[in-house]
Amino acid sequence: MRKATLFAGLVAGVSMFAFSAAQAVEIQYWQYVFDTRVKAMDELIANFQKANPDITVKQVTFPYADYQTRVVAAKLSGQGPDVLQLYYGWLDKFASGGVLQPLPKDAFPHEMIEKEFFPIVSAMKRGEDYYGLPTAVRSLALFYNKKAFTDAGLDPANPPKTLDEMVAAAEKTTKRDASGNLEQEGITLDMAGQDQHWWREVLVRQFGGEPYTDNDRKVAYNSDGGKKALKFYTDLQLEKNVGQAGFMDEGQAAFKAGKAAMTIDGTFRLGAFRTIKDFEWAVAELPAGPDGKQSNFASYFANGIGAAATGEKLEAAKKFLAYVTSPEAMEIWMKTVGELPARQSAALTDANLADPINGPFLKGLTYAHTTLFVDEAAQRQTAIDMVNRVFLQGQSVDDSIAEAASAEQAILDAAPK
Amino acid sequence: MATLAPAASTHAPHRGMSMRARRLFWVWGFLALPIVFYSVIRFYPTFQSFWLSLTDWNLMNPAKFIGVANYQKLWADPEFWKVFKNTFAYLIFGMPISLLLSFVIAYYLDRVRFLHGFIRALYFLPYLTTAAAMAWVWRWFYQPPPIGFINEVLTTVGLPQQPFLRSTSQALPSIMVTAIWAGLGFQIIIFMAGLRAIPTTYYEAARIDGLGEWAILRRITLPLLKPTTVFLVVFSSIGFLRIFDQVYNMTSNDPGGPLGSTKPLVLMIYQTAFSSYAMGYAAAQTVVLFIILLCISLLQLWLLREKT
Amino acid sequence: MSATTATTPIMPFANVRPGRIIAWTLLFIGGLLMITPIVFMFSTSLKPASEVYDLRIIPATPTLENYYAVMADGRFLRWFFNSTLVACAVTVSNLFFDSLVGYTLAKFRFRGRMFVFIAILSTLMIPTEMLVIPWYLMSAQFGWLDSYWGIMFPGMMTAFGSFLMKQFFEGVPDDFLEAARIDGLNEFAIWWKVAMPLVTPALSALAIFTFLGNWTAFFWPLIVTTSPELYTLPVGLSSFAVQEAIQWERIMTGAALATIPTLVVFLLLQRYIVRGVMLAGLKG
């Protein structure tokens, strides 16, 4: 009798195990920690799991600074994620390191990708394969403090449209105290933030230069245009006195505290800025250059499929990736994170274009460039150092840009082709 | 230690194990796990580090033996020399300043009776704080106006603003101050323990001989405090050479900046290993750190040895 | 305990010279300067966002909203728990193993004793920074990354602790141990029941150091943990501060939360802690 019940229990247990194993496939989704992104992904996962009860998705997050190392370490121990997010600039590292597999063409046909998504998605292509698709893309815009404008006698409904107008507005909105200390800056200067992209893909081009050539493998900003661009940027602090690097520690902190009239930042900052209560702010397209040239920097985080995903997990991963890059998911992402949909149809709707916040960002997307970084952290450091040498060591613009160019070229040359 | 074991007990066949053998059984039984632990956790990784430093390995592709190429690269790397200079700057300025300060404070604090415990607590409290947490507090202190506390004080007193963390010349001293501040309490307590261990009879005898306070300090206190001083010199030197927590947290958006002026060796190791994941190159840097620590410690022990 | 109390009069004001007053005042002011950062940390944590840049010590409108906000998502409590767990586990392990090693090296003569002693002592020369890469690789291979064991394993025993305990065990009279042997106790029981109770000051000193060191550890936990749920308090605070987009009142609150436990423990156990540090320094 006891043996029978024991046996029955064993069978029941094993069958339940087998049953549930067949039932739920668990896949892992990795991204970096950022409040709104995690929240948005939670919502997407909940929706997906409701529609696919036999798949569970576990979200794992790491701090941005460690993210890449974690992915590599996971590959080392054979425990990689099934779907993972990656900055488009990391693709070289991840693809050559065997962390990603090409997107299966059956679920993600190339014609669909090229028709539906913004052209900048081509940065995810290596050879004949796409290695990831973005849910959302980001661009830059000029944020400005309406209250600061009104106080300075400027019209908050008419933000600056050219660089000259921007500098004039900055001069009017800069406030200093009796000892000459900055109380409110006209425009933030934060090379460690988005300013490096503004400098590279926007200012350099607007002053007649090019940041890189040869598929972003050859530094080209050590030119007249580049020098003029750097001079313009550093003059903001040194000549026009409308900003100060390090003021309030970070540019977006200054803007958020109401101590900066303007700042150049991306869509991802919208979530943080929406909590501002003390003043009204608005968004405008990036100012045009001296001869009316407009440019912008677009970037995105794409979602790819881990190299180790096979069989059931691969099927589940394909389904999840398809959902996460669907128009519905993009809507949710836009609402929660503030980033723009990566599909043109979802993005360039009349409603979106007319929206006071999303409009300028979307318009910027149409003339945006993207940089193919080989080592984003190191290349960012060269830009930070370039500006610091001018600010802190009084080096001339020409010398600093030459030094930065050779340093960055060394980085580009050291990377595998 | 007197053992009860008879001389020839190791050969006694009766009663199973002899006393001596039994004791040996306990000794090695006690030491077994620790020996395994230290071998696996301390010795083996040391050799592995040395070996790794002779390879180039970026975690993704298999390791390749490249001999001393990493060291040659290090020797030729200007960033390394900058880091080397910074690390020694932390040591050469940080250690003497903090030791001098803590000795003076300990010397006078020892003579204080009124509210002694309270004042001692004031000095000791910073030692108990988490370096990472207080680094952020100090970072806030060093901000330019309008939010920086120190600059605010300077303005009130009429002194000019200082860029502190935003200056290539002031950033390292600023961070060093934070490190000195944190370690002062420990050094003060140790010095006080050392001071209290000196028998008062020596002082009484000296006073009878007519020696003044300063002479007493020079001829009696300091020499008798030597073991304590040596301990603190070596201990705090090692601490300054390995500084990391404060630098990482105080320069998070431009690590080791500005322009690499605050970057110590450990931060370079961290970046090489866990941002660029050049494991071989990073291992070479750790070996260099090891050699520096070893040399400095041995040098200090030799310089401060008992000269009879 | 203190040699100088024998010569100092009982009445605190009886022997006061102007020099003494100056020295005391300077010391007192110095002490206040020392805790200024800590005071400001707490004061800012109690300020609403609008007042943060208003550098007064006492907030005009003190509020606990920062604490609520920071603790609301439960991360800080999690990190606090992680730190406590790791620090306690490592401390207990050290108290056990370091004492065992120290006792064995102090109280037994056997062939190889010097060798083992020197070997363990020599590990003091090896900086953890050099071991971190191999530890990381080891952890990656065995799946210890992102686990409590991963944070704890390097510190389970230390040469410093073993050395400290050895020094103290040498002061334990052999007669006690011999008497216990005659009574028939086995060596483990002798260590545990006879020797250990005789070195409690050393044990408390070791406990304090080990706990404090692990509570404030940053470098290795930073490297070995990947999920935010496993962060120890210092690592969690650092990631929190970097991500909090420099909201200083929140960061100060986080730092305050990380500091309050140690402060409380210190205020309660000040005497033991100071005595423990002194003991370690004297014997070290």
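**Val199(C).** I looked up Val199(C) in the predicted model and found it in the loop between helix H9 (187-195) and helix H10 (200-215) of chain C. Helices here are DSSP runs (H or I) of at least four residues and strands are runs (E) of at least two, numbered from the N terminus. Val199(C) is buried, with a relative accessible area of 2%; buried means under 20%, exposed over 50%, partly exposed in between, for a 1.4 Å probe and protein chains only. Leaving out residues up to four places away in sequence, I noted that Val199(C) touches Met165(C), Phe168(C), Phe169(C) and Val172(C), where contact means heavy atoms within 4.5 Å.

**Strand S1 of chain A.** I then turned to strand S1 (residues 25-32) of chain A, where six of the eight residues are buried. S1(A) pairs with strand S2 (residues 55-62) of chain A in the parallel sense over eight bridges; two strands pair if DSSP finds at least two bridges between them. Tyr32(A) stands opposite Phe62(A) in S2(A). S1(A) also pairs with strand S3 (residues 83-87) of chain A, in the parallel sense over two bridges, and there I found Leu84(A) as the bridge partner of Trp30(A).

**Conventions.** I number residues from 1 along each chain as its sequence is written, and letter chains from A and number ligands from 1 in the order in which they are written. In this predicted model local features need pLDDT of at least 70, side-chain atom pairs count only at pLDDT 80 or more, and totals for chains, interfaces and linings use all residues, while side-chain values use heavy atoms, with hydrogens and water left out.
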